[in-house]
Amino acid sequence: MSDPVWRPYCQMKTAAPPVLISGAEGFELITADGRRLLDGMASWWSVCHGYGHPHIIEAVSRQLRQMPHVMFGGITHEPAERLAARLVERLPGDLNHVFFADSGSVAIEVAMKMASGYWRRHGQSDRTRFLAFDHAYHGDTTGAMSLCDPDRSMHARYGNAILKQVHCPLPRDEETTCVFIETIQQHHHELAAVCIEPLVQGAGGMRFHCPKTLRRIRDACDQFDLLMIADEIATGFGRTGTMFAIDATDVVPDIMCLGKALTAGTMTMAVTVAGDRVFDAFWSDEAADALMHGPTFMANPLACAAANASLDLFETEPRVAQASAMEAQLRRGLAPCRDLPGVVDVRCRGAIGVVQVEAIPDVERLRKRFVDLGVWLRPFGDCIYTTPPLNLPDERIKQLCEAIVRAIETGI
């Protein structure tokens, strides 16, 4: 009999059996047979404070007893109101309006609705397309897929089943900036917004870019009257060494998406935050001008309680400073990889360490090797990377790096 669970991102016919996890504690995953694996992925970037932090457990438990969920249509509650106010206080510029969603992909869909709705309310209903970048990844739902790289992403084979957007290289230098500007000049009349993953393109290959790239994008958006969407679902909440990746710049996007570490890995929730300009376009006496979106579990009180508790920890513990300091530790620990056969590049930013290789012939075999080395890492494409909890102690960072070096030394 085949496996009743249809698993993500794998060919079910040939994939190795998944690792059965029975618990998680601190920085470790506990397998059903009693092994402890150092989690170098923070469960896809989300477990920013480690597993089982008592402050988060207490907050969620208290909320569970009081009110685990209510619909958010026509009803509100204190955890959501407080969380929105706290996020607005931390975000740059006039990002003052928080719309709750239930996953990062949905937050992107909401951002796309906001952007196209903005132009429709300004009498430019033809501006419905989006400009995104080569190697972009913005999620797995239909609209979000259309923003991903149409040729290199995991969604390339969907072809005509998804919307057609505009893609071009990131404006990293003079040449690519010229291409970017030319692309906007050609399409600006039909574009609603430019969408960018600030500083780090994640699932598109763990590619980094500098703050000047974001400045070029913002300037072009201003010049051609386009909205700018910052997808900080992966980079938000300390991951790149500042609270938000955009904080390393003087750029303020018109719309910003947050998720993953928002609830510190306890449960799913995301937000789409709009600036005053976007929000004001929907401010009307006409019901038809409302933003027509409302996930059943938006602003779930349990998730809001977890997110508020996580923000408490960012305020009371040096979490962002720890993430920033981790960059130097990862650089030192992964430096030996530079001299190993098959290594193309080693790069680190904040609490992200990446070893890019020429190829990974058998990714399942490599993942098993890491399990045998006592760590949980999930290489993909041509990248072996780690995004550990932000408060991972120095000796555990060293353990992760040594496992990566050893795995490459013994042959990928």
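How much space lies in the largest pocket? In this predicted model, the volume comes to about 1,100 Å³. The lining of this pocket is made of 40 residues. Those nearest the centre of the pocket are Y9, W44, Y137, D140 and K260. By class, the lining holds 18 nonpolar, 15 polar and 7 charged residues.

At least two residues each come from α1 (42-45), α4 (104-120) and α11 (363-372). Domain 1 spans 21-52 + 319-410, and domain 2 spans 67-316. The largest pocket lies between these domains because both give residues to its lining.

The second largest pocket has a volume of about 940 Å³. Its lining counts 28 residues. P17, P18, V19, W376 and R378 are the ones nearest its centre. Two elements, α1 and α11, each supply two or more residues to this lining. The largest share comes from α11, with 5 residues. The lining of the second largest pocket divides into 17 nonpolar, 2 polar and 9 charged residues. Helices α1 and α11 also each supply at least two residues to the lining of the largest pocket.

Cysteines were examined next. A search of the whole structure returned 0 disulfides. C168 takes part in none, and its nearest cysteine sulfur, on C221, is 11 Å away. A disulfide requires two cysteine sulfur atoms within 2.5 Å. C168 is classed as buried because its relative accessibility is 2%, and the cut-off for buried is under 20%. C337 is likewise in no disulfide. For C337, the nearest cysteine sulfur belongs to C401 and is 8.0 Å away. The relative accessible area of C337 is 0%, so C337 is buried.

A further residue of interest is T183. This threonine sits in helix α6, which covers residues 174-187. T183 has a relative accessibility of 11% and therefore counts as buried.

Notes
Residues numbered from 1 in each chain as written. Predicted model: local features only at pLDDT ≥ 70, side-chain atom pairs only at ≥ 80, totals over all residues. Heavy atoms only, no water. Buried < 20%, exposed > 50% of the residue type's maximum accessible area, 1.4 Å probe, protein only. 1 Å grid on protein atoms, 1.4 Å probe; cavity = no way out; pocket = protein on both sides within 12 Å on 5 of 7 lines; lining within 4 Å. Points joined across faces, edges and corners; volume = space filled by probe spheres on them. Helix = DSSP H or I, 4+ residues; strand = E, 2+ residues; numbered from the N terminus. Nonpolar A, V, L, I, M, F, W, Y, C, P; charged D, E, K, R; others polar. Domains from an automatic or database assignment.
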